[in-house]
Amino acid sequence: MIASLSPLAAQLAARAEAGRPVTVGLAGCGQMGTDLVVQLSRMQGLRLGAIAEIDMAAAEAALALSGRKRGDWAPAENSTAIANAIARGQVALTADLAAMTEAGPIDVVIDATGNPNTGTLLARSAIANGKHVVMLNVEADITIEIGRAHV
């Protein structure tokens, strides 16, 4: 079993057993975001709580690809609706990045948008709301780093 090989896997397994999975908010359901939706559905101790995406059909397709059924997700227009969907065991779908970062149950936000402006706004909002941030957005990383170098 991988949990015996990896301290991280063991910690995630312990969180799963305790009913305290790490709740993830994902921004973007392109190729990378879709891959994450599928992978998160197979990882013990991690749970996808919300997806922020402007193309709801892409988010729904990613969820279906991960084996979820239509009732497994719900639209959410604000942070309260996101929190309520998560409490019901559903994945919240929103177009509002700020609402996702404000939602109490979200522990970590992953940026898979590929958009420098969106990624920067998402990271700033997540940090302001005390969330952990994972940037898979090399475009934002390069843009911010280059901009900072010229300040």
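Leaving aside neighbours within four places in sequence, with which residues is Ser-125 in contact? In this predicted model, the residues that Ser-125 touches, once those sequence neighbours are set aside, are Ala-98 and Thr-101. Ser-125 belongs to helix α6, which covers residues 116-128. With a relative accessible area of 17%, Ser-125 falls under the 20% limit and is therefore counted as buried.

Helix α3, formed by residues 56-65, has a buried set made up of Ala-58, Ala-59, Ala-62 and Leu-63. These residues lie on the same side of α3, because the arc they cover around the axis is only 135 degrees. After α3 comes Gly-67, which has a positive phi, near 100 degrees.

The interior can be described next. In soluble globular proteins, nonpolar side chains tend to be buried together. The largest nonpolar core of this model contains 21 residues. Within that core, the residues with the most contacts are Leu-26, Cys-29, Val-37, Leu-48, Ile-51 and Leu-63. At least two core residues come from each of β1 (22-27), α2, β2, α3, β4 and β5 (108-111). Helix α3 supplies the largest share, four residues. Another core, of 16 residues, lies apart from the largest one, and its members include Ala-74, Ile-86, Ala-103 and Ala-126.

One salt bridge is present in the structure. Its partners are Glu-60 and Arg-70, whose closest N and O atoms are 3.5 Å apart. Glu-60 is part of helix α3, whereas Arg-70 sits in the loop between α3 and β3, so the pair ties together parts 10 residues apart in sequence. The two partners fall into separate accessibility classes: Glu-60 has a relative accessibility of 25% and is counted as partly exposed, while Arg-70, at 57%, is counted as exposed.

Note on methods
Residues numbered from 1 in each chain as written. Predicted model: local features only at pLDDT ≥ 70, side-chain atom pairs only at ≥ 80, totals over all residues. Heavy atoms only, no water. Buried < 20%, exposed > 50% of the residue type's maximum accessible area, 1.4 Å probe, protein only. Arc of directions from axis to C-beta. Core = buried A, V, L, I, M, F, W, Y, C linked by side-chain atoms within 4.5 Å. Contact = heavy atoms within 4.5 Å. Salt bridge = Lys/Arg side-chain N within 4 Å of Asp/Glu carboxyl O.
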